[in-house]
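The following exercises are to be worked through with the sequence and the three-dimensional structure at hand. Each task is followed by a solution in steps.

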Amino acid sequence: MARTPARFEDVFRDFVVSLGGIYEETQGAEKATLLRHFNAGYRAAWKYEGVPWEDSWEEGTLTVTDGMIDYGDIDDAHVFNLWTTDPRRGPACWVDATTAKSGVFVGTNYPQVFGFWRPPCPQFTGTDPDAPLIAILTDATLAFAQAEHWRGAGQYETGGARRKDAKDLCDELAAVEFTRLQSKWWLRKKD
């Protein structure tokens, strides 16, 4: 939402090279295993201690049909904040909403609302080299992914050390992100 994302291929290449591999020669079962470790690493960084990384939020005007917003319109998110209009542009009212099996219920008073939502963590298939990653999570993703790799290879001490490094990186980032998000009042749930 706020900062330029990193490209999947660039970060995945860094991961393969960090393990001593040659990116261009990585394919088949080996690539699938590394991709599984990479996805686990990104997911661990994305979900770290519930930190709502600013760049994980999406936003936009949402159409309300029969009082409902379709989950597909908010990327199947279950974390969202809805407003009558974009609250950064002027007066807006919080829209109370509840989740339902078929979508998000906001009632029939609104033909459209403005929303901020946090979709689930993406899974990378390796087929889209330009798939975006949250750039500030690159180093933590690599460390978590390396931890997965080394633990899978039976090198538990090395894996544990990389996991600790990843957590330390995320702790530092979370402190900065907390400060950034304090000024983004529209992302916080209304008390």
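This is a predicted model: local features need pLDDT of at least 70, side-chain atom pairs count only at pLDDT 80 or more; totals for chains, interfaces and linings use all residues.

**Exercise 1. The chain as a whole**

Task: State how many helices and strands the chain contains, and in what order the elements follow one another.

Solution. 
Step 1. The chain holds four helices and eight strands.
Step 2. Read from the N terminus, the order is β-α-α-β-β-β-β-β-β-β-α-α.
Step 3. Of the 191 residues in the chain, 41% are buried. The C-alpha atoms occupy a box of roughly 60 × 35 × 25 Å along the principal axes.
Step 4. Among contacts with a separation of 6 or more, 74% join residues 24 or more positions apart.

**Exercise 2. Strand pairing**

Task: Determine the strand order of the three-stranded open sheet, and identify which strands pair with β7.

Solution. 
Step 1. The open sheet has the order β3-β6-β5, with antiparallel pairing. Its edge strands are β3 (68–69) and β5 (98–100), each of which pairs on one side only.
Step 2. Three bridges link β5 to β6 (residues 103–105) in the antiparallel sense. Here Thr99 is placed opposite Val104 in β6.
Step 3. Strand β7 pairs with β2 (residues 58–63) over six antiparallel bridges, and Thr63 faces Gln112 in β7.
Step 4. Strand β7 is also joined to β4, by five bridges in an antiparallel arrangement. In this pairing, Leu82 stands opposite Gly115 in β7.
Step 5. Strand β7 (residues 112–118) is mostly covered, with six of its seven residues buried.

**Exercise 3. The surroundings of Thr26**

Task: Decide whether Thr26 is buried or exposed, and list its contacts beyond its neighbours within four places in sequence.

Solution. 
Step 1. Thr26 is situated in the loop between α1 (8–18) and α2.
Step 2. Its relative accessibility is 8%. The limit for a buried residue is under 20%; therefore Thr26 counts as buried.
Step 3. A polar atom of the Thr26 side chain lies 2.9 Å from the backbone oxygen of Ile22.
Step 4. With neighbours within four places in sequence set aside, Thr26 is in contact with Val16, Lys31 and Leu34.

**Exercise 4. The largest pocket**

Task: Describe the volume of the largest pocket and the residues that line the largest pocket.

Solution. 
Step 1. The volume of the largest pocket is about 280 Å³.
Step 2. Its lining consists of 18 residues, and those nearest the centre are Trp46, Asp55, Glu58, Pro132 and Ile134.
Step 3. The elements that contribute two or more residues to this lining are α2 (28–46) and β8 (132–133).
Step 4. By class, the lining comprises 13 nonpolar, two polar and three charged residues.

Note on methods:
Residues are numbered from 1 along each chain as its sequence is written. Side-chain values use heavy atoms; hydrogens and water are left out. Two strands pair if DSSP finds at least two bridges between them. On a 1 Å grid over the protein atoms alone, a cavity is a set of points where a 1.4 Å probe fits but cannot get out, and a pocket is an open set with protein on both sides within 12 Å along at least five of seven lines; lining residues have an atom within 4 Å of a point. Grid points are joined across faces, edges and corners, and a volume is the space filled by probe spheres set on the points. Ala, Val, Leu, Ile, Met, Phe, Trp, Tyr, Cys and Pro count as nonpolar, Asp, Glu, Lys and Arg as charged, and the others, Gly among them, as polar. Buried means under 20% relative accessible area, exposed over 50%, partly exposed in between (1.4 Å probe, protein chains only). A polar contact is a pair of N or O atoms within 3.5 Å; within protein, one must be able to donate a hydrogen and the other to accept it, and residues adjacent in sequence count only if both atoms are side-chain atoms. Contact means heavy atoms within 4.5 Å.
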